[in-house]
Amino acid sequence: MTRFEHHSTAFVPERAILVGVDLGRSEWLLEDSLAELGRLAQTDGAEVVGTLTQRLDAPVPKTFIGKGKVDEVVSAVRALDADVVIFDDELTPSQQVNLEKIVGEPTKIIDRTALILDIFGQHATTREGRLQVQLAQLSYVLPRLRGMWSHLVGEQTRGGIGSRFGQGESQLEVDRRLIRKRISTLKNELKALETRRGVQSKARWESGVYRVSLVGYTNAGKSTLLNALTGAGVYVQDELFATLDPTTRALDLEEGRKITLTDTVGFIQKLPTMLVEAFKSTLAEARAADLILLVCDASDPNYRLQISAVCNVLSDIGASEIPRVIVFNKCDCIDDEARRALERDYPSAQFISAIDGHGLRGLLHRIAREASEGDSTMTVCIPYGKGLLIKMLHERCQIVRESYEEVGLVGTVRASERMAKTLAPYRYGDELGDTEQNRLVEDVDGQGMPADELQRTDRETPDAM
Ligand SMILES: Nc1nc2c(ncn2[C@@H]2O[C@H](COP(=O)(O)OP(=O)(O)OP(=O)(O)O)[C@@H](O)[C@H]2O)c(=O)[nH]1
Ligand SMILES: [Mg+2]
């Protein structure tokens with residue numbers, strides 16, 4: 001969000017006025033919500049020059065805020081030379097048009113949703129991420145075409161927030177029909193990508209590797225944690241929505257188990273529904289996890305509300321049943337008293353600092369413990385010819401005891417339910433161990449799995465993935 005100054009080659013930040021209304025419906029304090037809006041505006045490159053608030057029982061249908069407040073906005077825009085007025089709540093298309101008319105060109109009236117969409121537009125890097133953002137932006141634009149977007153028709157864009165929507169989409173400037181068509185094309189493209197992603201998730205599920213997703217409020221430190229644990233080199237920044245696209249890295253636990261860790265898009269209160277909708281397939285990464293680490297900024301006074309905002313989105317995307325562990329990050333920034341209070345209120349949480357490494361070993365042990373939940377102990381004998389299966393055994397099971405015998409590798413292992421099924425035909429020393437039942441179908445794909453097992457795994461793969 002920048003504007004071009006005459007006589008200078010430098011871009012200067014747009015000057016923004018924030019408007020917040022206390023409708024008495026949110027648990028968030030108006031000032032906290034506005035502070036967050038200010039950070040969003042900053043992340044988008046704006047400079048906040050003023051803030052106006054109002055307490056209302058219900059929004060005023062035509063202008064969202066009352067008439068007196070509208071007059072105040074007009075005077076503030078003049079006095080502060082503002083380029084844009086940002087409302088903390090979603091405005092209806094007609095409210096936006098009415099306000100633009102009253103405040104007058106060239107000041108833009110936008111809302112939190114548009115701001116978030118703009119940030120997403122700048123931060124999306126993968127093809128899927130960009131398509132998802134475009135879909136969300138066009139869904140936002142469609143009902144507003146005649147209003148705030150009419151100025152785009154036959155006119156060069158004014159630059160800044162909003163003008164980057166649907167970058168390079170000249171048809172955006174034409175009419176709704178074309179936008180609808182584009183929306184449906186985007187949906188199809190995304191569906192195709194989603195199918196491919198689904199295939200990948202399924203492959204990972206079948207491989208039996210335990211999957212952990214890092215989920216949490218934006219800026220909680222998810223990417224920093226992924227980097228600290230795996231050296232992934234994911235973009236970390238003290239700004240909101242630094243990361244949009246999921247990154248997955250493998251990690252070997254000390255207990256001798258391989259897991260994958262996935263970092264993904266952060267959540268925020270009042271997350272626009274169209275974004276949740278558009279980012280379904282990215283968010284499905286969280287849904288496909290065996291364990292969710294709910295990363296939370298312990299130093300943020302609103303951590304409780306942030307946790308509940310995250311839980312709401314998790315339940316929206318159908319991920320509420322997945323086991324989760326709350327991870328309080330940034331513990332280097334809180335004092336002992338605050339730490340004790342958190343430990344008292346969240347006795348089963350983990351406490352870490354992704355920056356100084358405090359608590360990371362404990363966190364890894366906790367993951368190992370969660371991963372071994374439901375494990376069973378079994379003794380197997382695997383012929384040496386089954387190299388891949390032996391590798392799987394070492395990577396995915398906890399080895400209690402092993403010896404190299406003439407018949408093959410004989411190991412007593414703790415195996416997950418999935419691995420136990422894969423290993424069942426190789427049971428050793430009990431009734432299943434006899435050679436007849438041990439008969440293996442030749443490897444089709446080199447996975448070392450008996451054919452009937454492959455079928456079973458196939459059938460049991462959750463549809464959601
Ligand atoms: N003091 C302190 N700062 C931290 C810690 N972990 C992360 N940070 C800082 O918090 C900011 C956000 O970190 P990120 O890792 O980008 O957060 P994120 O959760 O990935 O954020 P989004 O991608 O925006 O959703 C950065 O400035 C980090 O340096 C920590 O343990 N202690
Ligand atoms: Mg991040």
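In this predicted model, N219 counts as buried, because its relative accessibility is 18% and the cut-off for a buried residue is under 20%. N219 sits in the loop between β6 (210-216) and α7, and among the residues that line the second largest pocket it is one of those closest to the pocket's centre.

**N219 and its backbone**
- Although N219 is not a glycine, it has a positive phi of about 75°.
- The loop that holds N219 runs between strand β6 (210-216) and helix α7, and helix α7 itself covers residues 222-230.

**The second largest pocket**
- The space in the second largest pocket comes to about 350 Å³, and of the 25 residues that line this pocket, the closest to its centre are N219, G221, T224, V236 and Q237.
- Helix α7 (residues 222-230) gives the largest share of the lining, with 3 residues.
- Sorted by class, the lining of this pocket is made up of 11 polar, 8 nonpolar and 6 charged residues.
- Rolling a probe the size of a water molecule over the atoms is a way to show where empty space is left.

**The six-stranded sheet**
- An open sheet is formed by 6 strands with mixed pairing, and their order is β7-β8-β6-β9-β10-β11.
- The edges of this sheet are taken by β7 (247-253) and β11 (350-351), and because each has a single partner strand, one side of each is left without a neighbour in the sheet.
- Strands of a sheet pair through backbone hydrogen bonds, in either a parallel or an antiparallel way.
- Strand β6 and strand β9 (residues 291-297) run parallel and are joined by 5 bridges, and L214 has L293 in β9 as its bridge partner.

**Two further loop positions**
- F64, found in the loop between β3 (46-55) and α2 (67-80), is not a glycine and yet has a positive phi of about 65°.
- With a relative accessible area of 5%, F64 is buried, since the cut-off for that class is under 20%.
- The peptide bond that leads from E105 to P106 is cis, and its omega is near 0°.
- P106 has its place in the loop between α3 (93-103) and β5 (108-111).

Definitions and conventions
Residues numbered from 1 in each chain as written. Chains lettered and ligands numbered in written order. Predicted model: local features only at pLDDT ≥ 70, side-chain atom pairs only at ≥ 80, totals over all residues. Heavy atoms only, no water. 1 Å grid on protein atoms, 1.4 Å probe; cavity = no way out; pocket = protein on both sides within 12 Å on 5 of 7 lines; lining within 4 Å. Points joined across faces, edges and corners; volume = space filled by probe spheres on them. Helix = DSSP H or I, 4+ residues; strand = E, 2+ residues; numbered from the N terminus. Nonpolar A, V, L, I, M, F, W, Y, C, P; charged D, E, K, R; others polar. Buried < 20%, exposed > 50% of the residue type's maximum accessible area, 1.4 Å probe, protein only. Pairing = 2+ DSSP bridges.
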